[in-house]
Amino acid sequence: MTNDKIIVALDVPDLESAIALVDKLESVSFWKVGLELFTSTGPRILEILKSRQKRIFLDLKFHDIPNTVAGACRSAARYGVDLLTIHATSGRDALNAATQAAQEGATQAGVKPPKLIAITLLTSISTRQLAFDLKIPLELPEFALEMALMAKESGLDGAVCSPQEVSQLRQNCGDEFLLVCPGVRPTWAEKGDQKRSLTPSQAIQAGANYLVIGRPITAAAEPELAWKRISEELTTK
Ligand SMILES: O=C(O)c1cc(=O)[nH]c(=O)n1[C@@H]1O[C@H](COP(=O)(O)O)[C@@H](O)[C@H]1O
């Protein structure tokens with residue numbers, strides 16, 4: 001069974017483990033390559049996924065000054081990936097520069113530009129941490145919405161948010177804005193470090209375009225079974 005709304009996080013330390021997982025989960029069509037794996041393998045993993053006709057979310061969560069994030073987005077866009085992330089808290093100038101640079105990089109390489117999506121607030125941050133550690137005086141849903149709106153105004157294609165904010169972001173950002181939700185957990189899975197989760201079907205019903213799921217599938221004793229179970233839960237609800 002395939003389910004193209006689920007992006008599976010390939011959070012493993014090396015190429016060998018990544019290939020083993022991709023081969024095991026043959027029906028997964030969309031994979032996320034994040035900081036751990038890309039730091040270890042570089043673009044090699046992207047070539048392997050492409051050779052297997054997989055879609056790719058390159059989740060490098062750029063967060064820097066405008067000139068630096070623009071350079072990083074220009075370089076990353078040359079790989080011809082489907083989705084690319086930048087932190088909204090890099091600021092409006094950085095988001096504008098990143099949008100333009102991603103287009104330039106893709107054009108130079110003759111590939112389709114990636115959808116550039118902004119991290120609003122990491123799903124591992126709780127209401128309490130936002131207020132007490134980060135000293136942000138806004139309510140958490142309001143902060144996430146402000147970050148998404150700034151991203152939209154800066155020309156980004158979408159945002160990453162927790163399932164708990166997705167319905168509010170969908171109402172305020174419109175139907176065309178991509179909303180990607182990590183931190184989803186089936187009722188039978190451990191929450192781990194995720195603080196603002198809902199189940200996969202609740203997140204889709206609330207308006208998410210894509211779900212990013214890692215450990216409930218990849219750390220399961222039988223990843224194929226966990227993937228199948230989540231896919232079935234989504235198609236039957
Ligand atoms: O950009 C992301 O994908 C992301 C943003 C966010 O706010 N929270 C978040 O968990 N993620 C990623 O989503 C994946 C979640 O993995 P699990 O918690 O194992 O399902 C990880 O690869 C995270 O890097």
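Biologist: What makes β1, helix α1 and β2 a right-handed β-α-β unit?

Modeller: A crossover counts as right-handed if, with the strands pointing away from the viewer, the path from the first strand over the helix to the second runs clockwise, and β1, α1 (residues 15-24) and β2 make such a unit. Keep in mind that this is a predicted model, with local features needing pLDDT of at least 70, side-chain atom pairs counting only at pLDDT 80 or more, and totals for chains, interfaces and linings using all residues. Residues are numbered from 1 along each chain as its sequence is written, and side-chain values use heavy atoms, leaving out hydrogens and water.

Biologist: How do you know that β1 and β2 pair?

Modeller: Pairing takes at least two bridges found by DSSP; β1 and β2 (residues 30-33) have two, in the parallel sense. Ala9 stands opposite Lys32 in β2.

Biologist: And what joins β1 to β8?

Modeller: Three bridges, with β8 (residues 210-213) running parallel to β1. The partner of Ile6 there is Leu211.

Biologist: Why do Ile6 and Val8 point one way from β1 and Ile7 and Ala9 the other way?

Modeller: In a regular strand the side chains alternate between the two faces of the sheet. All four of these are buried, meaning under 20% relative accessible area with a 1.4 Å probe, protein chains only.

How values were computed:
Buried < 20%, exposed > 50% of the residue type's maximum accessible area, 1.4 Å probe, protein only. Helix = DSSP H or I, 4+ residues; strand = E, 2+ residues; numbered from the N terminus.
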